[in-house]
Amino acid sequence: MEKVHKGYNEIETKAHVDIPKIERFNAIFMAEVIYDPENYGKLANLIQNLLAKDGICLISSKLYYFGNGGSVDEFKDFIEENYPNLGVETVHEVDDGVSNKREIMAIGFKP
């Protein structure tokens, strides 16, 4: 299993240069990556370029972020409007009644 852990700009470069298009991942796991709407395009491109056609990308995130304006709903809308070949849905919700609610989203290629 190969693990890639870097910042957006570094990982975007790696996705386009070092990993051949034919080498894709069956599962991609991400957490706390949608806090800045300016990076939604980079994130979506990363998923599109590295996810296997029958793979799944799971993203764990707060429902909304203070300061930058990122949110689960905003990210879902971005994917639906700009990446018609990708589907996104909530697969799990966490609400402990104390902290910011969280969701786990699943992203994959539409059939």
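**Strand 4 and its sheet**

Guide: Start with strand 4, which is mostly covered: six of its eight residues are buried. Bear in mind that this is a predicted model.

Visitor: What sheet do the strands form, and in which order?

Guide: An open sheet of four strands, in the order 1-2-4-3. The pairing is mixed.

Visitor: Which strands stand at the edges?

Guide: Strand 1 (25–31) and strand 3 (86–94). Each has a single partner strand, so one side of each is left without a neighbour in the sheet.

Visitor: And what does the twist average from one strand to the next?

Guide: It averages 15°.

Visitor: How many bridges join strand 3 to strand 4?

Guide: Eight, and the two run antiparallel. Strand 4 covers residues 102–109. Look at H92, which stands opposite I104 in strand 4. V88 is another one to find; its place is opposite I107.

Visitor: How many join strand 2 to strand 4?

Guide: Six bridges, again with an antiparallel run. There, I59 faces M105 of strand 4 as its opposite residue.

Visitor: Remind me, what do strands of a sheet pair through?

Guide: Backbone hydrogen bonds, either parallel or antiparallel.

Visitor: Okay, helices. Which strands does helix 2 lie across?

Guide: Helix 2 (residues 40–50) lies across strand 1, strand 2 (51–62), strand 3 and strand 4. Its direction is at about 150° to strand 2.

Visitor: And helix 3, which strands does that lie across?

Guide: Strand 2, strand 3 and strand 4. Helix 3 spans residues 72–82 and runs at about 10° to strand 4.

Visitor: Switching to rings. How many aromatic pairs are there?

Guide: The count comes to three aromatic pairs. One of them is Y40 with F75, and that pair is edge-to-face. The centres are 5.2 Å apart, with 75° between the planes.

Visitor: Which parts of the chain does that pair link?

Guide: Distant ones: Y40 is in helix 2 and F75 is in helix 3, 35 residues apart.

Visitor: Is Y40 buried or exposed?

Guide: Buried. Y40 has 2% relative accessibility, and the cut-off for buried is under 20%. F75 is buried as well, with a relative accessible area of 0%.

Visitor: Which residues do ring pairs link into a cluster?

Guide: Y40, F75, F78 and Y83.

Visitor: What lies over the face of F109?

Guide: K53, at 4.1 Å from the ring centre.

Visitor: Now the loops. Where does E32 lie?

Guide: In the loop between strand 1 and helix 2. E32 has a phi near 55°, a positive value in a residue other than glycine.

Visitor: Why is E32 called partly exposed?

Guide: Because its relative accessible area is 27%.

Visitor: Last one. Where does N100 lie?

Guide: In the loop between strand 3 and strand 4. N100 is buried, with a relative accessible area of 17%.

Visitor: And what does N100 touch?

Guide: Leaving out residues up to four places away in sequence, N100 touches K62, L63, Y64 and F66.

Methods: Residues numbered from 1 in each chain as written. Predicted model: local features only at pLDDT ≥ 70, side-chain atom pairs only at ≥ 80, totals over all residues. Heavy atoms only, no water. Pairing = 2+ DSSP bridges. Axes fitted to C-alpha atoms, helices over the stretch in contact; angles between N-to-C directions. Contact = heavy atoms within 4.5 Å. Phe/Tyr/Trp six-rings, centres within 6.5 Å; stacked < 30°, edge-to-face > 60°. Buried < 20%, exposed > 50% of the residue type's maximum accessible area, 1.4 Å probe, protein only. Lys NZ or Arg CZ within 6 Å of the ring centre and 35° of its normal.
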